[in-house]
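Please keep the sequence and the three-dimensional view at hand while reading.

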Amino acid sequence: MTVESVVFYLFATLTLVGAIGVITMRNAVQAVLCLVLTFFSAAVLWMLLEAEFLAVTLVLVYVGAVMVLFLFVVMMLDVDYASLKAGYTKYLPLGIITALALFGGIYWVIRSEVFGVEQMPEPAKHGADYSNVTELGRLLYTDYFFAFEVAGVILLVAIVAAISLTFRGRRDRRGQSVPMQHQASKEERLRVVSMESGPRQDGQEKTEKKKRIRRKKGGGS
Amino acid sequence: MLDMIIDFFVIGAKIGLILLPLILAVAYTTYAERKIIGYMQMRLGPNRVGPKGWLQPIADVIKLLMKEVVVPSGSNKALFLLAPILFIAPSFAAWAVIPFDVELALANSDVGLLYILAMTSIAVYGVIIAGWASNSKYALLGSLRSASQIISYEIAMGFALVGVLMASGSMNLGEIVKAQDGGLLHWFWIPLLPLLVIYWVSGVAETNRAPFDLPEGESEIVAGFHVEYAGISFALFFLAEYANMILISVLTTLFFFGGWLNPFQGIPFVEEVTGWIPGIAWLLLKAGFFLFLMIWLRATFPRYRYDQIMRLGWKVFIPVTVVWLMILTFMIKAGVGPWFTGRGVL
């Protein structure tokens, strides 16, 4: 038992526990948190394979950004769990078929004849001066440059499409325009009214009375 | 088997050597903050517990430890108690890759910078879960504000760090500092000045500090996401916030102000005189300045309005970083000295 194997078994267990938690948790928020745990432990396993860059990127992108949005959506949803369970028996056969098909497909790809211990060579250990980041960067920007650029363009198109699909904000909304707020001047907001000062000559008694009444009511001067 | 146990103990001891001073620093940062803000507002600040109030943070810690942890009714108990731990763990874990001097780091990782970004982005879970599990309106509103603020400013922060990456040509924090070798004018604060400002302001916003402390805007939502927390669970949130402040200060120093490097490097006489000062002292001194700046900001500025925060992040910071990255590309390709000499192709 080396330190590495202890870390491997610990985080492999956590990955499985998290994955089982995702599908068994009754509360959707807890299920999302289990998925976060799964991603995080998977990242640690990648780290053991000396794929530091991918591992940290997995945490940064999936745990740090994608799952936060997931959590947001799930938290904001007002889910009625009883109504979710309503069609359980009706959809059960379809669910079983889907699950079997998915399981079969995955099994066919990673079955032991293809991905078994005998078929896959042990990953080569590299020295301390080996940098996974440098190697990845060199591959991406030389051999796979075209594919890399195409992937970038596709992502850009996806961003533009997603924004144009979801943005249908009202054009007449009353949002605050900061430049207009900055340009606001004293002249348009403030009106200085000049009042004549000093006691009034006519009807002095009357104003005195008014003042007294105001004082009784507890209003200012 | 024995080797493994020794390994674990050695790593544990190293972690302790980083975390214990950090926790002590956090305690005395709270004291410094109360004292500095006190003097700025013409008050004395804490001065009763111990000589000149030096024992105030210790008294605060003991008080918080003795208090009862109240779990509100209708809350999700497990998640409620998990949230402070999720908040504090990444802010401690990020210290693993910080180099304190030449070859003095717990992990000398080639993805150090990305790791820091990843760790700071995980901290948001603590905030979201704290707000949700509390089963309280104010807490939920505060956590929503905090989460959207952290996510927004993380983008600007990440882009600012892309500039650091381009300038230094490495994601290893030690290499980034070594790339700034050669004295005050060789540090990256000059070619990356706009990115420095953006990184610093985003850092203040990420740590939910004033003037960006809307998540705990006490005039609107009491105390934001940690309104339901008491005792030690509240102390953990507090601890994490201050640990993050120190982290951001140290990172700014590493990325833009030459980390452990002597600022008088290259000046004939002064360099020899100050040569005996260890690198870690310079690092802490520079970081201390930024920590002071954060406290100064809090004493000076009123709180931002929420839509202004979002506008600043998305409409000002992100475009500026993108433009500056382009300018930086030309600077590097033209080999502008003294930072990029030898890397030019024009």
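This is a predicted model: local features need pLDDT of at least 70, side-chain atom pairs count only at pLDDT 80 or more; totals for chains, interfaces and linings use all residues.

Domain bounds, as used here, come from an automatic or database domain assignment. For chain B, this assignment gives domain 1, covering residues 1-64, and domain 2, covering residues 67-320. The C-alpha centres of these two domains of chain B are 18 Å apart. Their contact draws 17 residues from domain 1 of chain B and 22 residues from domain 2 of chain B.

Chain A is assigned domain 1 (1-79), domain 2 (88-123) and domain 3 (128-165).

How confident is the predictor in the complex and in its chains? For the complex, the predictor gives an ipTM of 0.80 and a pTM of 0.82. Chain A has a mean pLDDT of 81, with 86% of its residues at 70 or more. Within chain A, confidence is highest in helix 8 (residues 145-166), at a mean of 92, and lowest in helix 11 (residues 204-217), at 55. Chain B has a mean pLDDT of 84, and 99% of its residues reach 70 or more. Among the elements of chain B, the highest mean, 90, belongs to helix 8 (residues 193-206), and the lowest, 71, to helix 9 (residues 218-221).

The packing of helices in chain A may now be considered. The axes of helix 1 (residues 3-24) of chain A and helix 2 (residues 28-48) of chain A come within 8 Å and cross at roughly 155°. Why are these two helices described as roughly antiparallel? Angles over 145 degrees count as roughly antiparallel, and the crossing angle therefore places helix 1 of chain A roughly antiparallel to helix 2 of chain A. The crossing of helix 1 of chain A and helix 2 of chain A is left-handed. On the side of helix 1 of chain A, the contact includes A:Phe8, A:Phe11 and A:Gly18, while helix 2 of chain A contributes, among others, A:Cys34, A:Leu35 and A:Leu45. The residues of this contact comprise 15 nonpolar, five polar and one charged.

Helix 2 of chain A also packs with helix 3 of chain A, at an angle of about 175° and with the axes 9 Å apart. This angle makes helix 2 of chain A roughly antiparallel to helix 3 of chain A. In their contact, 24 residues are nonpolar, none is polar and one is charged.

Helix 3 (residues 52-76) of chain A leads on to the other chain: the axis of this helix and that of helix 5 (residues 124-133) of chain B come within 11 Å and cross at roughly 10°. Helix 3 of chain A and helix 5 of chain B are therefore roughly parallel to each other. Helix 3 of chain A makes the contact through A:Val63, A:Met67, A:Val68, A:Leu71, A:Phe72 and A:Met75, and helix 5 of chain B through B:Val124, B:Tyr125, B:Ile128 and B:Trp132. This contact between helix 3 of chain A and helix 5 of chain B consists of ten nonpolar residues, with no polar and no charged ones.

Definitions and conventions:
Residues are numbered from 1 along each chain as its sequence is written. Chains are lettered from A and ligands numbered from 1 in the order in which they are written. Side-chain values use heavy atoms; hydrogens and water are left out. Axes are lines fitted to C-alpha atoms, for helices over the stretch in contact, and angles run from 0 to 180 degrees between N-to-C directions. Helices (H or I, at least four residues) and strands (E, at least two) are DSSP runs, numbered from the N terminus. Angles under 35 degrees count as roughly parallel, over 145 as roughly antiparallel, 65 to 115 as roughly perpendicular and the rest as oblique. A crossing is left-handed if the near helix is turned anticlockwise from the far one by less than a right angle, and right-handed if clockwise. Contact means heavy atoms within 4.5 Å. Ala, Val, Leu, Ile, Met, Phe, Trp, Tyr, Cys and Pro count as nonpolar, Asp, Glu, Lys and Arg as charged, and the others, Gly among them, as polar. pLDDT is the predictor's confidence in each residue, from 0 to 100.
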